[in-house]
Amino acid sequence: MIWSAQRAQTPALASPLVTRVFSGIKPTGPVQLGNMLGALRTWVEDQHRADSFYCVVDLHALTIPQDPEVLRRTTLELAQLLLAVGIDPTVATLFIQSDVSEHTELAWMLECTVSFGELRRMTQFKDKSDDAEFVSAGLFTYPALMAADILLYDSDEVPVGEDQRQHLELTRDIATRFNSRFGETFVVPRATVPKVAARVMDLQDPTRKMSKSDDSPQGTILVLEELGQVAKKIRRAVTDTDNEVRFDPVGKPGVSNLLSILSACTGGDPAQLADQYDQYGPLKADVAEAVVEYLRPIQERYAELAADPSGVHALLAAGADRARALAEAKMITVRDRLGLPVR
Ligand code: TYM
């Protein structure tokens with residue numbers, strides 16, 4: 001597949017008239033349906049109405065131990081997958097985080113403005129560190145790097161799933177505090193969380209979110225998984241004890257999760273969709289079909305891109321050039337505000 005890198009070579013000027021969107025995804029583990037419906041789906045829509053920056057956040061992956069070869073491979077594969085899901089590099093800027101060193105530079109400065117107490121309150125840190133043998137300092141300061149990603153680009157909106165909302169609140173606090181202490185520097189961004197499927201739940205344990213980690217293979221649908229397997233997992237999804245189809249995420253988490261997935265894939269409203277079913281079997285069959293048909297074209301495009309990855313490198317380099325132009329300009333202001341030499 002050939003992409004025109006023309007648009008991406010022109011550095012965009014931050015314009016107050018254009019909404020700027022920024023979001024990121026970690027190259028750790030295979031992309032699952034939650035990533036797709038909670039975030040990437042919105043990324044694809046947003047790129048047509050906003051100046052959108054999408055980033056494979058490889059530096060965030062380093063917060064947990066990584067095999068260098070695996071990280072190199074998964075970073076490229078994730079970029080290919082983002083293209084396959086519909087990110088269009090002729091309208092959006094797609095790049096790898098570590099290609100733009102300003103992310104780490106700003107992260108350090110922000111780390112020095114955020115308190116230990118604020119970082120300690122982050123529930124994702126608690127979840128990820130609780131049973132870990134090794135907890136890196138980077139895992140703890142992770143939200144400051146995420147804030148740097150967003151604030152570097154004067155981002156107005158950040159499309160994310162529900163689990164990132166707390167990090168976005170912290171980013172807003174960091175930006176507001178910096179602005180009041182050092183003068184107007186950063187745009188205060190807002191999270192844009194989808195109305196449905198903002199938190200896709202595990203199919204086997206619908207009280208926990210679906211995640212990339214491989215401790216619930218039957219409960220997790222991978223975007224690149226064999227489609228027969230996808231359908232099987234949905235048909236075996238845990239539902240609730242009675243046989244009533246009703247959208248009630250608290251009282252009926254299993255069925256409501258399936259209705260949310262169906263709604264995200266087909267566009268209907270989950271409560272109205274529920275009215276069409278009086279048994280679990282037909283609901284599961286329709287969800288399975290909807291997800292399979294949703295994933296099929298993505299898998300086909302991914303196979304084409306994977307067969308010839310040469311263009312992807314050039315396109316990522318062009319994306320990084322465009323991102324760097326904005327990031328460098330922002331860092332001149334930030335350094336100046338902080339009393340550091342301006343290069
Ligand atoms: P990550 O890589 O864990 O996930 C990428 C996106 O997928 C969403 N997501 C889900 N949405 C619904 N249901 C689920 N079960 C589900 N699982 C994951 C996440 O909310 C996310 O939007 N810290 C971020 C990456 C990041 C970032 C950024 C995001 C780094 N810098 C700047 C936005 C802006 C993360 O770990 O996402």
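**Figure 1. Contact between helices α10 and α13 in the predicted model.** From α10, the contributing residues are Leu227, Val230, Ala231, Ile234 and Arg235. Their partners in α13 are Lys284, Val287, Ala288, Val291, Val292, Leu295, Arg296 and Gln299. By class, this contact comprises nine nonpolar, one polar and three charged residues. Arg235 belongs to the α10 side of the contact. Lys284 and Arg296 belong to the α13 side.

**Figure 2. Packing geometry of α10 and α13.** Helix α10 spans residues 227-235, and helix α13 spans residues 280-307. Their axes are 9 Å apart, at an angle of about 155°. That angle makes α10 roughly antiparallel to α13, because angles over 145 degrees count as roughly antiparallel. The crossing of the two helices, α10 and α13, is right-handed.

**Figure 3. Packing geometry of α8 and α9.** Helix α8 covers residues 137-151, and helix α9 covers residues 165-182. The two axes cross at roughly 70° and come within 9 Å. The angle therefore makes α8 roughly perpendicular to α9. The crossing of α8 and α9 is right-handed.

**Figure 4. Residues at the contact of α8 with α9.** Helix α8 supplies Tyr142, Pro143, Met146, Ala147, Ile150 and Leu151. Helix α9 supplies His167, Leu168, Leu170, Thr171, Ile174 and Ala175. The contact divides into 10 nonpolar, two polar and no charged residues. Tyr142, part of this contact on the α8 side, is also listed among the closest residues to the ligand.

**Figure 5. Surroundings of the ligand.** The ligand is surrounded by 27 residues. The closest are Lys26, Tyr142, Asp149, Asp163 and Val200.

**Figure 6. Asp154, a residue other than glycine with positive phi.** Phi of Asp154 is near 50°. Asp154 sits in the loop between α8 and β4 (157-159).

**Figure 7. Ala197, a residue other than glycine with positive phi.** Phi of Ala197 is near 65°. Ala197 sits in the loop between β5 (190-192) and α10.

Technical notes: Residues are numbered from 1 along each chain as its sequence is written. This is a predicted model: local features need pLDDT of at least 70, side-chain atom pairs count only at pLDDT 80 or more; totals for chains, interfaces and linings use all residues. Side-chain values use heavy atoms; hydrogens and water are left out. Axes are lines fitted to C-alpha atoms, for helices over the stretch in contact, and angles run from 0 to 180 degrees between N-to-C directions. Helices (H or I, at least four residues) and strands (E, at least two) are DSSP runs, numbered from the N terminus. Angles under 35 degrees count as roughly parallel, over 145 as roughly antiparallel, 65 to 115 as roughly perpendicular and the rest as oblique. A crossing is left-handed if the near helix is turned anticlockwise from the far one by less than a right angle, and right-handed if clockwise. Contact means heavy atoms within 4.5 Å. Ala, Val, Leu, Ile, Met, Phe, Trp, Tyr, Cys and Pro count as nonpolar, Asp, Glu, Lys and Arg as charged, and the others, Gly among them, as polar. A residue is near a molecule or strand if one of its heavy atoms lies within 4 Å of it.
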